[in-house]
Amino acid sequence: MAHVSLKRIIDKMKLENLTPELDISKVKITQPDINRPALQMAGYFEHFDTTRLQVIGFVEYTYMEGLPEERKNEIYSRLLSREIPAFVFCRELQPDSLFLKTAVENNVPLLMTKKSTSAFMAEIIRWLNVKLAPCISVHGVLVDVYGEGVLITGESGIGKSEAALELIKRGHRLVTDDVVEIRKVSDETLIGTAPDITKHFIELRGIGIVDVKTLFGVSSVRDTQNIDLVIRLEEWDKDKEYDRLGLEEEYTEYLGNKVVCHNIPIRPGRNLAIICESAAVNHRQKKMGYNAAQELYTRVQKSLAKRREEEDE
């Protein structure tokens, strides 16, 4: 099961640890959802998901402050006796001494942030959604072309890396070469990243490993990119019929999400970089509501209709 260590969350979100005496090295977060335990403070513990990170905002904090000592003892004991990964107090709010003491006794870490509750929740949920998203690795090259994430796939040695290098020379940005880690962050969005070990490197047969970031500068690379379009390179087959109009979109599927896919036949003399650029721009144009193939089809239909009218006259 995918997980993120609590220490990594503390470092990423710049949280202050209010219980440094507790060992947090084995605490893991396994889901991106968080919880604000307002109902639990009121004594309702049905359907309480203890695996979530618990966030205390101003409303929960003021409610806790107003509780009688006896009620605090009861609620804090019931709440903190569960195996909760951690509590985060927002707006630099400090837990009272009883809450702190009960948390330490039950080995529940307490953290604090300067951020407002809404801002912290939005940031942590977004980040955890990416880190805990379902993930697969595919063989290919991911490049940011005019803001469109283009995943280039195909058999080994067909020219994916060479196409990526030419695109980089043209001012586009490399995300990853050879291995693309694809994460499903929503039903509409796939994000591609590079494995840490091969980040910003390209392998060129006959030359070896090339460090793109060092050769072309930091503007030639990026760490993550949405996958908007797949270009599948394949050897040219003279007996195969290829789509020449593009009236109907073809799709490929990753982690249950459909992505537009173009099958591009490769033969000597074809400029892969300009094909990838054109495919990216054309895809963006379609998203903006203009389809060149549909426009051509409409023109042909109008021309045929006009000709028929002339013949009838």
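Guide: Residues are numbered from 1 along each chain as its sequence is written, and side-chain values use heavy atoms, with hydrogens and water left out. In this predicted model, local features need pLDDT of at least 70 and side-chain atom pairs count only at pLDDT 80 or more, while totals for chains, interfaces and linings use all residues.

Visitor: Why is Thr193 called buried?

Guide: Buried means under 20% relative accessible area, exposed means over 50%, and partly exposed is in between, with a 1.4 Å probe and protein chains only. Thr193 has a relative accessible area of 11%, so Thr193 is buried.

Visitor: In which strand does Thr193 lie?

Guide: Thr193 is in strand S13, residues 190-193. Strands (E, at least two residues) and helices (H or I, at least four) are DSSP runs, numbered from the N terminus.

Visitor: What makes the pairing of Thr193 and Arg183 a polar contact?

Guide: A polar contact is a pair of N or O atoms within 3.5 Å; within protein, one must be able to donate a hydrogen and the other to accept it, and residues adjacent in sequence count only if both atoms are side-chain atoms. The side chains of Thr193 and Arg183 make such a contact at 3.1 Å.

Visitor: Which residues is Thr193 in contact with, leaving aside neighbours within four places in sequence?

Guide: Contact means heavy atoms within 4.5 Å. By that rule Thr193 is in contact with Val175, Thr176, Val179, Val180, Glu181, Arg183, Asp223 and Thr224.

Visitor: What makes Lys101 and Glu105 a salt bridge?

Guide: A salt bridge is a side-chain nitrogen of Lys or Arg within 4 Å of a carboxyl oxygen of Asp or Glu. For Lys101 and Glu105, the closest N and O atoms are 2.8 Å apart, and the pair forms a salt bridge. Lys101 and Glu105 are four residues apart in helix H5 (residues 97-105), so about one helical turn separates them. Glu105 counts as exposed because its relative accessibility is 54%.

Visitor: How many salt bridges does the structure hold?

Guide: The structure holds 18 salt bridges. One of them joins the side chains of Lys287 and Glu148, at 3.1 Å from N to O. This pair links distant parts of the chain, with Lys287 in helix H9 (residues 272-287) and Glu148 in strand S10 (residues 148-154), 139 residues apart.

Visitor: Are Lys287 and Glu148 buried or exposed?

Guide: Lys287 has a relative accessible area of 52%, so Lys287 is exposed. Glu148 has a value of 4%, so Glu148 is buried.

Visitor: How do you know that Asp196 is exposed and Lys199 partly exposed?

Guide: Asp196 counts as exposed because its relative accessibility is 69%. Lys199 counts as partly exposed because its relative accessibility is 27%. Asp196 forms a salt bridge with Lys199, with the closest N and O atoms 4.0 Å apart. Elsewhere, salt bridges that share partners join Asp144, Arg173 and Arg222 into one network.

Visitor: Which residues of helix H1 are buried?

Guide: In H1 (residues 6-13), Leu6, Ile9, Ile10 and Met13 are buried.

Visitor: Why are the buried residues of H1 said to line one face of the helix?

Guide: Seen down the axis of H1, its buried residues fall within an arc of 100 degrees, so they line one face. The arc is that of the directions from the helix axis to the C-beta atoms. What covers these residues includes strand S1 (4-5) and helix H6 (117-131). Lys14, which follows H1, has a positive phi near 55 degrees.

Visitor: Where is His47, and why is it called exposed?

Guide: His47 is in the loop between helix H2 (38-41) and S5. Its relative accessible area is 76%, so His47 is exposed. His47 also has a positive phi of about 60 degrees although it is not a glycine.

Visitor: Where does Arg91 lie, and why is it called partly exposed?

Guide: Arg91 lies in the loop between strand S6 (87-89) and H5. Arg91 counts as partly exposed because its relative accessibility is 46%. Phi of Arg91 is positive, near 55 degrees, in a residue other than glycine.
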